[in-house]
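Hello,

I am passing a structure on to you today.

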Amino acid sequence: VSEIKSSNSYYFGESCGENQNETEEYALKQMLTSISVRVTSDFKSFNKVRESENNVDYERDVENVIQTYTTASLTNLQSFKEPRDCGIYVLFYINKEEVNSIFDNRKQLVKDIFDKASEYQSVSNYANALKYYHFANVLLNSIPVSRLEHNGASLEVEIPSRITDIIDGVRFELIEDEMVNDKRRAITLAVSVNGELAASLDYDYWDGNAQIFTKSQDGLSTVTLLGSSTQFKDLSVSIKYKYFENKDEIKEVGELWNLVNTASISSRQTISLTKKKPRKPAIELSDIEDINAKEITNEELVELLPENLNNIVNYFNESEFPEAWNEDQFFSDKVAAIERLNNLDLSTKSARRNIDKTYDGWEYRQLNGTTFYPTINLSAKEYLIPDFDALGNLIDVNFGIIDGMYDEFKRASTFGNDWEKRQVIIKFVEKYRTAYLTRDISQLSTMFADEAVIIVGRVLQADPDDKSRYEIDPTGDQPDVEYLRFTKQNFIARQDQIFNSRRDIHLGFSTFEIRRKNNDDGVYGVTMRQHYNSDGYADEGHLFLLINFNNDKPKIYVRAWQPDEWNEDNLLGLSNFNINF
């Protein structure tokens, strides 16, 4: 110890105390503080840490940047520990010649996040692409180097260039402009990036009183203007790319957010609301009887469908409650909750107009709509999916997934000839999301039951008699799943408290994948990137479901939630489980 401390060849930190973990933390912090003195000049010359009013503040900020490195990321860190009279003595040290190597893990993390952003960009998911490009840029500026190369390019140049290219390539085109009434105007925009429809893109606009955040999907977005703003001839919008509310999704990004420099990129555009792009006329609901008529032999369904769909549109737009709905308490309560909590407006036009056979009836896919959450100034384009029983009676309604995901699942099903199973999974996920948006605590309680969950029908049911279980595979490397385990009672109690205390809650999925287990055609894994936003709280994480179709009715056996996890190597999936019957 004395040789290391006196040799002048090492950066070191030491501490002694009763708690080993606390002592290690102090020793590491002391060592990193000494390293920050060495790299301060590098950060200043490369303009990576935000400027401060004086040199003392700047050095403190550099020290805070260096403190975001942990023992887990310092591969060449060495240590000495022993019990002493003062408690547990800890010495951390690293050779000064190897100091640059402590940044290797951070460099790799930047590259991994950049690759994830590129992957999202390749499938036109520009919301996630912009978010991860910016996160990579934040992390890049915590590394005291002038150039970080990846695949032959300098990321200091490539990341801002990618962000700018996407933002500069965004085009909004007015395709529908409807005065719903004298106080509300609905504007539908086609959203593209560099000539291709954007599967997802987030932006905000000024409605005359407040900044409204909105989400476009499937290349379409609806803007709602109220009151005096209905007279707007132009609309000012800004493309979102920083995602402040999601910064803690990656721990280091959250810690660095206010410490490092990231160049501001102009993302504002002005959209003319007087130049309307010609568009092929949509199908009115009055024409619904002609849709797929040759494929539907149930005459009662064809007769009831137009009336039922018009009843739904009239209810959400005009508050006209059909007398027949009073006979179905479940349905009437659900539509009332959708209206009360999500401020849903529906269009009388639908781009997709399919009547599909489902596991136990029919569905109409889909009604176009827009939701609005005033306390978080968020507007979102939505699809509403009405469900019918075998006779054509309206029995349920849920918020649907985006068209791009739906079409991809249909395409994938042709290879495995398993559309019926994938359709059940899609409808479950839609019910799950709607349960959050309607704050249906009893439905959520069933979804997170300790027993297997039957996932067909309009109400999910637990099956306490089913003792089949799936267990984590004990062989090989597995994600740390200890923190995924929670007490159902505590989870539901906490969720109920959140439902009762929040004025607005929005839940969405930025990714959604369905995979079949290779050695069992009846077992599927579902992974989703879930983002949650409410007044006062927001989070994002990874949801995994393991579903078994080898029963009379499909059932969920595993539900796992991994908050703030993005790295696929650390995500729970099908390969992590053994099947036990």
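Here is what was found in it.

This is a predicted model, in which local features need pLDDT of at least 70, side-chain atom pairs count only at pLDDT 80 or more, and totals for chains, interfaces and linings use all residues. Residues are numbered from 1 along each chain as its sequence is written, and side-chain values use heavy atoms, with hydrogens and water left out.

Let me start with the sheet. Its three strands are arranged in the order β1-β3-β2, with antiparallel pairing, and the sheet is open. (Helices, H or I with at least four residues, and strands, E with at least two, are DSSP runs numbered from the N terminus; two strands pair if DSSP finds at least two bridges between them.) At the edges are β1 (10–17) and β2 (78–84), each pairing on one side only. Between β2 and β3 (residues 87–95) there are seven bridges, and K81 sits opposite V90 in β3.

Helix α2 (residues 20–46) packs on this sheet and touches β1, β2 and β3. Contact here means heavy atoms within 4.5 Å.

Next, the interior. A nonpolar core is a set of buried Ala, Val, Leu, Ile, Met, Phe, Trp, Tyr and Cys residues joined through side-chain atoms within 4.5 Å, where buried means under 20% relative accessible area (1.4 Å probe, protein chains only). The largest such core has 77 residues, and M31, I35, I113, F172 and L201 have the most contacts inside it. Helix α5 (residues 126–140) gives the most to this core, eleven residues. Another core, of 58 residues, lies apart from it and includes L344 and V397.

Enjoy exploring!

Conventions
Axes fitted to C-alpha atoms, helices over the stretch in contact; angles between N-to-C directions. Buried < 20%, exposed > 50% of the residue type's maximum accessible area, 1.4 Å probe, protein only.
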